[in-house]
Amino acid sequence: MNMLNPILARLNKMPRAALITIGLFVALGTFAPWLAPQDPSAQNLLDAGLGPSAAHWLGTDHLGRDTFSRLIIAANTSLVSVGSVLGVAMTIGILLGTIAGYHRGWVDDLLMRVVDVGLSVPSLIISLAVIGIVGPGYWTMVLALALAWWPMSGRISRAVAVSIMSKPHIEALRVLGASPWRIYFGHLLPGTIGSVMVYATADAGTAALAVATLSFLGLGIQPPTPEWGQMLVDALPYLESDPRQVLLPGFALTMAVIGFNTLGESIALNRIPKPLTRRMLAMRRAEVASWSKENSDA
Amino acid sequence: MIHFISKRLKHSLILLFMASVVCFTLVVSAPGNVAVLIAELRGAVATPGYVEQVEEEIGLNKPLLMRYVDWLGDAVRGDFGISYRTGQDVSADLANRMLVTGTLIAGSAVIATLISLALGFLGAFWPYKLPDRVSRGLALLGASTPTFFVGALMIYAFSVTFQLLPSFGFAGPKSWILPWLTIAVLPAAVLSRVVRVGLEEAMTSPFVLTAKSKGLGRTAILFREALPNITPIFVNALGTQVGLMTATAIIVEPLFAWQGVGDYFLAGVRFRDFMVVQACLLIFLTFFIVVNLVVDLAVLMTDPRIRRQWS
């Protein structure tokens with residue numbers, strides 16, 4: 001329990017609503033195959049376009065597939081693809097960023113110029129260009145989005161790497177005769193990964209949005225795998241007769257993105273002072289009260 | 001000042017050159033033989049002899065550098081070659097589409113500016129009170145809702161439920177409204193935060209204290225002292241958002257069945273029509289570079305501090 005306390009204290013400072021939303025999204029995504037009451041791809045044309053009932057909690061789509069199950073499985077699809085996109089993007093970004101931060105000089109200049117250009121072009125256009133050349137498919141989508149996403153983690157990891165490299169313990173290692181490999185893998189890389197991971201959660205929302213957007217355009221997740229953007233575009237022709245099938249996946253996606261965006265904003269704005277809310281006042285009082293308790297224990 | 005402009009122009013030209021190299025390499029490195037594609041497109045059987053003839057004709061057997069120079073020369077004169085899929089002239093297809101996308105983006109930029117200024121001022125006028133919270137909530141909602149969902153909601157609300165506006169295609173001036181609004185939502189949300197935060201920061205400066213001591217009211221200070229101060233920041237952010245609007249246009253154009261550059265680019269990506277992808281990519285990149293240049297010059301015009309620094 002004592003080990004958990006610092007983590008809990010940190011989580012307590014973040015917006016609670018965002019944490020609950022993200023927790024729900026991750027839990028749904030992880031346990032989706034066991035949570036979905038019905039087979040998400042089972043079609044039954046006789047039951048097509050039904051409203052909510054005991055058998056189908058949120059109704060069925062135009063092919064008679066259970067919307068509730070599809071929404072849950074879509075969380076899984078989204079979570080897995082966002083995870084792989086961010087994983088690939090962070091690997092590229094951290095590797096290039098730390099190399100730039102370690103080496104400095106012209107390597108640094110060149111890589112940061114590339115990062116600048118990559119950040120100034122919208123990620124959708126970069127990923128669409130990659131898909132246009134390689135051809136559509138699941139792994140093309142992951143690769144394309146990762147190529148559009150790595151500049152962000154590249155820039156952050158370069159900044160972190162530069163600050164680590166200027167710390168006294170690196171200098172001490174140099175004096176002791178540590179090899180560049182030991183400094184890089186033993187001290188620079190582990191230190192950078194931790195800090196960059198925190199910022200990556202802030203990116204997860206936009207990454208989920210990008211996956212959904214590509215699927216909406218028919219170039220990401222292919223049917224019959226359920227995905228929110230693709231469910232929405234599937235139901236769009238039936239907007240007039242059955243708007244529920246368009247609105248539900250849209251709201252689910254929006255909720256997830258709002259959760260990640262709020263969390264990202266609170267991470268980015270962590271050090272900017274703002275007026276106290278009642279909750280924060282109560283927390284502060286509780287903390288002050290615990291100080292006196294500590295003293296009396298001693 | 002002239003020094004700054006010439007330096008900035010040189011910078012843009014280098015960027016343009018890099019963009020053209022990227023577009024060229026993308027297509028050159030694409031898998032598959034282009035000559036075979038074209039030969040099949042013309043309805044002929046792609047015999048080795050015919051393929052060689054096609055290669056000769058479009059200059060594929062020349063050295064890479066020569067091909068780049070040829071291609072760049074054509075592109076500068078506005079000739080982007082022919083589409084591999086339809087066999088039509090890419091430039092002829094693009095001319096009309098650029099007008100459509102340009103009007104879409106320009107209209108949305110105006111709407112986004114108006115909405116964001118209104119929301120931002122609302123928040124700055126009553127900071128941390130109800131209007132500020134509402135404006136902040138709207139900004140979060142606008143920045144987080146997927147553009148295609150915003151479009152679907154607009155169609156559902158204005159075309160299906162109230163039947164006020166046409167949902168797709170071009171039918172009179174009314175049909176501009178929904179695409180404009182859909183594209184404007186995201187930039188309006190982001191820019192309203194820029195206005196709000198910029199105004200708050202400006203309101204803590206010493207010149208505001210001076211204005212207060214002169215007896216000016218909050219409204220007068222906000223409009224006469226703080227607004228000119230945030231103009232450079234706002235112009236800068238607006239430029240970024242206008243660049244991002246090209247990406248939004250790619251989503252919105254097919255949603256409303258509009259024939260713009262975004263829709264053309266998407267079709268090119270879908271059918272792996274490299275010439276179309278290349279041409280659209282070059283247009284998008286040129287657009288970003290030009291917008292950035294214009295923004296830098298506009299900031300120079302609106303910010304006396306920078307102007308003085310460079311004169």
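## Chatting through a two-chain model

Reader: Where do we start? How much of chain B is buried?
Author: This is a predicted model, and 37% of the 311 residues in chain B are buried.

Reader: What size of box do its C-alpha atoms fill?
Author: Along the principal axes, the C-alpha atoms of chain B take up a box of roughly 85 × 60 × 30 Å.

Reader: And what share of the contacts in chain B join residues at least 24 apart?
Author: Counting contacts in chain B between residues at least 6 apart in sequence, that share is 70%.

Reader: Let's talk cores. How many residues does the largest nonpolar core have?
Author: That core has 138 residues. The ones with the most contacts inside it are A:Val85, A:Leu145, A:Ala207, A:Leu232 and B:Cys280.

Reader: Which element gives the largest share of this core?
Author: α10(B) does, with 15 residues.

Reader: You listed B:Cys280. Which residues does B:Cys280 touch?
Author: Leaving aside residues up to four places away in sequence, B:Cys280 touches B:Val261, B:Tyr264, B:Phe265 and B:Gly268.

Reader: Which residues are in the second core?
Author: The second, separate core has five residues, including B:Ala35, B:Ile38, B:Ala39 and B:Val54.

Reader: New topic: the two chains together. How many residues of chain A are in contact with chain B?
Author: 32 residues of chain A are in contact with 29 residues of chain B.

Reader: Which helices of chain A supply at least two residues of that side?
Author: Those are α5 (123-134), α8 (180-216), α9 (228-235) and α10 (244-268) of chain A. α10(A) gives the most to the side that touches chain B, with eight residues.

Reader: And what's that side like by class?
Author: The side of chain A that touches chain B has 22 nonpolar, nine polar and one charged residues.

Reader: Staying in chain A, how do α3 and α4 cross?
Author: Helix α3 (residues 67-103) and helix α4 (residues 105-120) of chain A have axes that come within 7 Å and cross at roughly 145°. The crossing of α3(A) and α4(A) is left-handed.

Reader: Which residues make the contact?
Author: From α3(A), A:Leu96, A:Ile99, A:Ala100 and A:His103; from α4(A), A:Gly105, A:Val107, A:Asp108, A:Leu111 and A:Met112. The residues of this contact of α3(A) with α4(A) comprise six nonpolar, two polar and one charged.

Reader: Now the backbone. Is the bond from A:Pro223 to A:Pro224 cis or trans?
Author: The peptide bond from A:Pro223 to A:Pro224 is cis, and its omega is near 10°. A:Pro224 sits in the loop between α8 and α9 of chain A.

Reader: What is phi of B:Tyr128?
Author: Phi of B:Tyr128 is near 60°, which is a positive value in a residue other than glycine. B:Tyr128 is in the loop between α5 (90-125) and α6 (130-144) of chain B.

Reader: And phi of B:Ala257?
Author: Phi of B:Ala257 is near 55°, again a positive value in a residue other than glycine. B:Ala257 is found in the loop between α10 (218-255) and α11 (261-270) of chain B.

Reader: Why does B:Ala257 count as exposed?
Author: Because B:Ala257 has 11 C-beta neighbours inside 10 Å, and the cut-off for exposed is 12 or fewer. B:Tyr128 has 13 other C-beta atoms within 10 Å, so B:Tyr128 is partly exposed.

Note on methods
Residues are numbered from 1 along each chain as its sequence is written. Chains are lettered from A and ligands numbered from 1 in the order in which they are written. This is a predicted model: local features need pLDDT of at least 70, side-chain atom pairs count only at pLDDT 80 or more; totals for chains, interfaces and linings use all residues. Axes are lines fitted to C-alpha atoms, for helices over the stretch in contact, and angles run from 0 to 180 degrees between N-to-C directions. Helices (H or I, at least four residues) and strands (E, at least two) are DSSP runs, numbered from the N terminus. A crossing is left-handed if the near helix is turned anticlockwise from the far one by less than a right angle, and right-handed if clockwise. Two residues are in contact if their C-beta atoms, placed from the backbone, lie within 7 Å. Ala, Val, Leu, Ile, Met, Phe, Trp, Tyr, Cys and Pro count as nonpolar, Asp, Glu, Lys and Arg as charged, and the others, Gly among them, as polar. A residue is buried if 20 or more other C-beta atoms lie within 10 Å of its own, exposed if 12 or fewer, and partly exposed in between; C-beta atoms are placed from the backbone. A nonpolar core is a set of buried Ala, Val, Leu, Ile, Met, Phe, Trp, Tyr and Cys residues joined through C-beta atoms within 7 Å.
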